Amino acid sequence: MPSCRESTRLMSEARERGLTAVERVALRVHLLMCSACRNFGKQLHFLGAAMRVYVPGENGDGNEANSDTTSAPPDTDLKTGG
Ligand SMILES: [Zn+2]
């Protein structure tokens, strides 16, 4: 039975490297009895989802390509009296 500290560490490590079967079971048992660690797990999940949003390059943002077919004439009417 892992402690709370151990459990939170396992949860964050689970995102980087998988957990062994023993670790998963131990963590699951702890989460069944510990609401604090359950909340931590939810926050970790939320943070993980939020972090993905900020990862640059992953999401192909459709940048509007410059497609100016209508060539507007340069308006040089503005003259400042000086
Ligand atoms: Zn706990």
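Tutor: Leaving aside neighbours within four places in sequence, Leu19 is in contact with Leu10, Ala14, Arg24 and Leu27. Please keep in mind that this is a predicted model.

Student: Where does Leu19 lie?

Tutor: Leu19 is in the loop between helix H1 (4-16) and helix H2 (21-33).

Student: And why does Leu19 count as partly exposed?

Tutor: Leu19 counts as partly exposed because it has 16 C-beta neighbours inside 10 Å, whereas a buried residue would need 20 or more.

Student: Now the helices. At what angle do H1 and H2 pack?

Tutor: The angle between H1 and H2 is about 125°, and their axes are 10 Å apart. H1 is therefore oblique to H2. The crossing of H1 past H2 is left-handed.

Student: Which residues meet there?

Tutor: Ser7, Leu10 and Met11 of H1 meet Glu23, Leu27 and His30 of H2. The residues of this contact comprise three nonpolar, two polar and one charged.

Student: What about H1 and H3: how do their axes cross?

Tutor: The axes of H1 and helix H3 (residues 35-54) come within 10 Å and cross at roughly 25°. The two helices are therefore roughly parallel to each other, and their crossing is right-handed.

Student: Which residues make that contact?

Tutor: H1 contributes Cys4, Ser7, Thr8, Met11, Ser12 and Arg15, while H3 contributes Ala36, Cys37, Phe40, Gly41, Leu44 and Gly48.

Student: How many of the residues in the contact of H1 with H3 are nonpolar, polar and charged?

Tutor: Six are nonpolar, five are polar and one is charged.

Key:
Residues numbered from 1 in each chain as written. Predicted model: local features only at pLDDT ≥ 70, side-chain atom pairs only at ≥ 80, totals over all residues. Helix = DSSP H or I, 4+ residues; strand = E, 2+ residues; numbered from the N terminus. Buried ≥ 20, exposed ≤ 12 C-beta atoms within 10 Å, placed from the backbone. Contact = placed C-beta atoms within 7 Å. Axes fitted to C-alpha atoms, helices over the stretch in contact; angles between N-to-C directions. Parallel < 35°, antiparallel > 145°, perpendicular 65-115°, else oblique. Left-handed = near helix turned anticlockwise from the far one by under 90°. Nonpolar A, V, L, I, M, F, W, Y, C, P; charged D, E, K, R; others polar.
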